[in-house]
Amino acid sequence: MLIFSFMTLMADAARVIEIRLRMMALGKSTPAEMFLMVSEKMNAMEEAKAIIARGGNPSLVIENYQKIVAANVARLSGTQNV
């Protein structure tokens, strides 16, 4: 089941990358979005290290990343519940 979760995460991450690249190409990206993109990656990596350091299962890392990526898809595509 871990492989399915990983593949789903990869597909969702590719969607976020595509949205962000399209925003940049259209001149709709902002410095704040670029900062958010980098800071999210750094925070997610720290969270992953903490999960592993506490003896957590790698599936917990994938679940954490899935939540982050899903929130990005919703926010960037305008489907976020407000």
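This is a predicted model: local features need pLDDT of at least 70, side-chain atom pairs count only at pLDDT 80 or more; totals for chains, interfaces and linings use all residues.
We begin with helix α2, which covers residues 31-53. Its 23 residues, at 1.5 Å a residue, should span 33 Å, and this agrees with its end C-alpha atoms, which are 33 Å apart. After α2 comes Gly55, a residue with a positive phi, near 85°.

The packing of α2 against its partner may be considered next. Two packed helices are described by the angle between their axes and the distance between the axes. Helix α1 (residues 2-25) packs with α2 at an angle of about 155°, and the two axes are 12 Å apart. Angles over 145 degrees count as roughly antiparallel, and α1 and α2 are therefore roughly antiparallel to each other. The crossing in which α1 passes α2 is left-handed. On the side of α1, the contact is made by Arg20, Met23 and Met24, while α2 contributes Glu33, Met34, Met37, Glu40 and Lys41.

Which residues of α2 are buried? They are Glu33, Ser39, Glu40, Ala44, Ala48 and Ile51. The buried residues of α2 pack against both α1 and α3.

Helix α3 comprises residues 58-77, and Asn64 is found within it. Is Asn64 buried or exposed? A residue counts as buried when its relative accessible area is under 20%; Asn64 has 19% relative accessibility and therefore counts as buried. Leaving aside residues up to four places away in sequence, Asn64 touches Glu47 and Ile51. Ile51 is itself one of the buried residues of α2.

Definitions and conventions
Residues are numbered from 1 along each chain as its sequence is written. Side-chain values use heavy atoms; hydrogens and water are left out. Axes are lines fitted to C-alpha atoms, for helices over the stretch in contact, and angles run from 0 to 180 degrees between N-to-C directions. Helices (H or I, at least four residues) and strands (E, at least two) are DSSP runs, numbered from the N terminus. Angles under 35 degrees count as roughly parallel, over 145 as roughly antiparallel, 65 to 115 as roughly perpendicular and the rest as oblique. A crossing is left-handed if the near helix is turned anticlockwise from the far one by less than a right angle, and right-handed if clockwise. Contact means heavy atoms within 4.5 Å. Buried means under 20% relative accessible area, exposed over 50%, partly exposed in between (1.4 Å probe, protein chains only). The expected span of a helix is 1.5 Å times one less than its number of residues.
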